[in-house]
Amino acid sequence: VSFKARVVETGDSIQLARRAYREIALYSPDRSPCRVDISDNTNLFGIPPAAERAYREAAVSTLTRYPQLYAQQLKSALASYAQVSAAEVVTGCGSDDVLDSAIRAFAEPGETIALPDPSFAMVPIFGQMNALNVAKVPLTQSFDIDADALAASGAKLIYLCSPNNPTGTLASRRAVEKLLDRSPGIVILDEAYAEFSSQEGFLKLAPRFERLLVVRTLSKAFGLAGLRIGYAVGPAPLVAEVEKSRGPYKVSGSAERAAVAALTEDRPWVNARIADVIQNRARLAEALQKLGLSPIPSLSNFVLVPVKDAMALARALRQEGVAIRPFQQLQGIGDAVRISVGPWEMMEDALAALRKVLA
Ligand SMILES: Cc1ncc(COP(=O)(O)O)c(C=O)c1O
């Protein structure tokens, strides 16, 4: 037996991994194929047409050479979408990558990232991967962020999500501004779902604050989760640090071209789909209430529904061919399931399954 094989056999190799990684499991929500998959808050209305055309055209011609170092054309298109300058934009391989890069850029191992509870499940994992302490601060009873408690945590980094995943609720402008006044460190405001909220958010204001980064994505309203394009907007000096941490060549050439096409030509398509989501969200909430459920009022493209036993409900719905996202014992809420809002036929399908399972 060679030396290498022996190490693997005895399991010693795990000792060679970074200490911070040892407790981390691979991200593994049940994503096995399902007839109606309304579990991940993507756009369920199809492909933005100009993006599809650009992607097909670019697919082969971009294969053999490296893409642009820092996706300059995409940055320009995003800058005009966000009404900021290109130096105030950084892109990445999904907003997951942008969040991870930002955390790595600003926090040393052993420092703290604070975030509301509940919020986006990946953030504590990114914190852990970067050897940070994670401080969770419960949302208020009205699902707002607790600005005082977050500021009092003294954390080097504060993560906020608005509309928040999984509650679908907004962080109030007053609370965000208060936090920006009081926070000793950097505030990362994740607006992945902002397009569904009918509110402007902080995107174009971000460069005016000294320590604010607003993170967004093309995975949700723009319907391009498979492209893996995320971005952050903020003051140019902060953005430059995230760009160092992110490194070059993170966005493939074909993804960049499709994303630019979506941003410049597909806006009418995207806006129509957002209007569909807003309409179906209200219809879905009403239908869920008729089933005796109490969905939390949402400003996003999903609704969170408190239930007695989320895992059992998710399993039963899966048997009916419907995938939703279960959450166990969320802070202040208890068990709940998250349902993405899609075309009405899909919602009817899901409601029929729910009716059957709850009967
Ligand atoms: C709040 C929030 N931020 C970021 C992401 C990551 O999205 P992506 O990496 O596809 O941009 C998600 C995905 O579900 C999300 O819910």
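A: A polar side-chain atom of Thr-217 lies 2.6 Å from an oxygen atom of the ligand, which falls under the polar contact criterion (a pair of N or O atoms within 3.5 Å; within protein, one must be able to donate a hydrogen and the other to accept it, and residues adjacent in sequence count only if both atoms are side-chain atoms). The model is predicted: local features need pLDDT of at least 70, side-chain atom pairs count only at pLDDT 80 or more, and totals for chains, interfaces and linings use all residues. Residues are numbered from 1 along each chain as its sequence is written, and side-chain values use heavy atoms, with hydrogens and water left out.

Ser-95 also places a polar side-chain atom 2.6 Å from a ligand oxygen. For Lys-220, an N or O atom of the side chain is 2.8 Å from an oxygen atom of the ligand. The ligand taken alone exposes 400 Å², of which the protein buries 91%; accessible areas come from the Shrake-Rupley method with a 1.4 Å probe, and for residues only the protein chains shown count as cover.

The ligand is surrounded by 14 residues, where a residue is near if one of its heavy atoms lies within 4 Å. The closest are Ser-95, Asp-190, Tyr-193, Thr-217 and Ser-219. By class, the shell has 5 nonpolar, 5 polar and 4 charged residues; Ala, Val, Leu, Ile, Met, Phe, Trp, Tyr, Cys and Pro count as nonpolar, Asp, Glu, Lys and Arg as charged, and the others, Gly among them, as polar. At least two shell residues come from each of α4 (94-106) and β5 (157-161), and α4 gives the most, with 3. Helices (H or I, at least four residues) and strands (E, at least two) are DSSP runs, numbered from the N terminus.

β5 belongs to an open sheet of 7 strands in the order β2-β8-β7-β6-β5-β3-β4, with mixed pairing; two strands pair if DSSP finds at least two bridges between them. The edges are β2 (89-93) and β4 (133-138), each with a single partner strand, so one side of each has no neighbour in the sheet. Direction ignored, neighbouring strands here are turned by 25 degrees against each other on average; axes are lines fitted to C-alpha atoms, for helices over the stretch in contact, and angles run from 0 to 180 degrees between N-to-C directions. Within this sheet, β6 (residues 186-190) and β7 (residues 212-217) pair in the parallel sense over 4 bridges. Leu-212 of β7 is the bridge partner of Val-187.

Most residues other than glycine have a negative phi, and most peptide bonds are trans. Ala-131, in the loop between α5 and β4, has a positive phi of about 60 degrees although it is not a glycine.

A second open sheet has 3 strands in the order β9-β12-β11, with antiparallel pairing. Its edges are β9 (302-306) and β11 (325-330), each with a single partner strand, so one side of each is left without a neighbour in the sheet. β9 and β12 (residues 334-340) run antiparallel and are joined by 5 bridges. Pro-306 has Ala-336 in β12 as its bridge partner.
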